[in-house]
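Welcome, and please take a moment to look over the sequence and the model. We will walk through a few places in turn.

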Amino acid sequence: VRASVGMFLISRYVKTHTDTTVLFSGEGADELAQGYIYFRDAPNSAEAHQESLRLLGDIHKYDGLRADRTTAAHSLELRVPFLDLQWTQYYLSLPAELRQPQMGVEKHLLRNAFNNTGLLPDNILWRHKEAFSDGVASIKKSLFQVIQDIVEDKVSDEALKQAATRFPHCTPTTKEAFYYREIFEKHYGGQAEWLMPYFWMPKWIDVTDPSARFIKHYAAGSEDQA
């Protein structure tokens, strides 16, 4: 949901201020090229490879679905070149250890392919990973913190305590998640089990929030950002 906000607003801007209909987007790169920061904590290349396969297999339920719906809401057509079938098959055929983060850099193999080509400035090519849902807001206050402030008074403490009874599948554990779930059930009541199989969360690390800013390796904040 968090990433949907930024993508929805960008799509609305494109529709309102341009005559563009078709957009290119980078969905699939993090799943395929191990761009999520938590891949740095993978025990080995084999498990990292399996995680890539899992993420790619479920992308239509998460980031792919978000990208499609937020752009289609504004009559835009999305193209996702990183999910091209031939490309994904080729990339996954490369040695698993080459596809892992290298020297603390995610998507290293993909980035390195553009190194010294002049196609991308180094400060773009090698900058620290920033999750889209975090990068749309200030480094001082992430979007999820803004949202949590908004929903704080919209969900009572008592309602949250009863969440497991009301929503036994994928029970929301925060007021933010509870608020989303109420909206979801209003429009898609009783369909959560097959539309929302599980909460998307980083793997191999102990966190309770999907934001990359809770991961120990997060470093985007060390760069000059507003």
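Leaving aside its neighbours within four places in sequence, which residues is A42 in contact with? They are A48, Q100 and W204, where contact means heavy atoms within 4.5 Å. Before going on, note that this is a predicted model, in which local features need pLDDT of at least 70 and side-chain atom pairs count only at pLDDT 80 or more, while totals for chains, interfaces and linings use all residues. Residues are numbered from 1 along each chain as its sequence is written, and side-chain values use heavy atoms, with hydrogens and water left out.

A42 and A48 both belong to the largest nonpolar core, which has 11 residues, including L55 and Y218. Such a core is a set of buried Ala, Val, Leu, Ile, Met, Phe, Trp, Tyr and Cys residues joined through side-chain atoms within 4.5 Å; buried means under 20% relative accessible area, with a 1.4 Å probe and protein chains only.

A48 and L55 are also among the buried residues of helix 3, which spans residues 45-58. Helices here are DSSP runs of H or I with at least four residues, numbered from the N terminus. What covers the buried residues of helix 3 includes helix 2 (29-32) and helix 5 (85-93). At the start of helix 3, a side-chain oxygen of N44 comes to within 3.2 Å of the backbone nitrogen of A46.

Now move to Y62, in the loop between helix 3 and helix 4 (63-72). Y62 counts as buried because its relative accessibility is 17%. Not counting residues up to four places away in sequence, Y62 touches P197, Y198 and W200, and its side chain reaches the backbone oxygen of Y198 at 2.6 Å.

Notes. Helices (H or I, at least four residues) and strands (E, at least two) are DSSP runs, numbered from the N terminus. The expected span of a helix is 1.5 Å times one less than its number of residues. Buried means under 20% relative accessible area, exposed over 50%, partly exposed in between (1.4 Å probe, protein chains only). A polar contact is a pair of N or O atoms within 3.5 Å; within protein, one must be able to donate a hydrogen and the other to accept it, and residues adjacent in sequence count only if both atoms are side-chain atoms.
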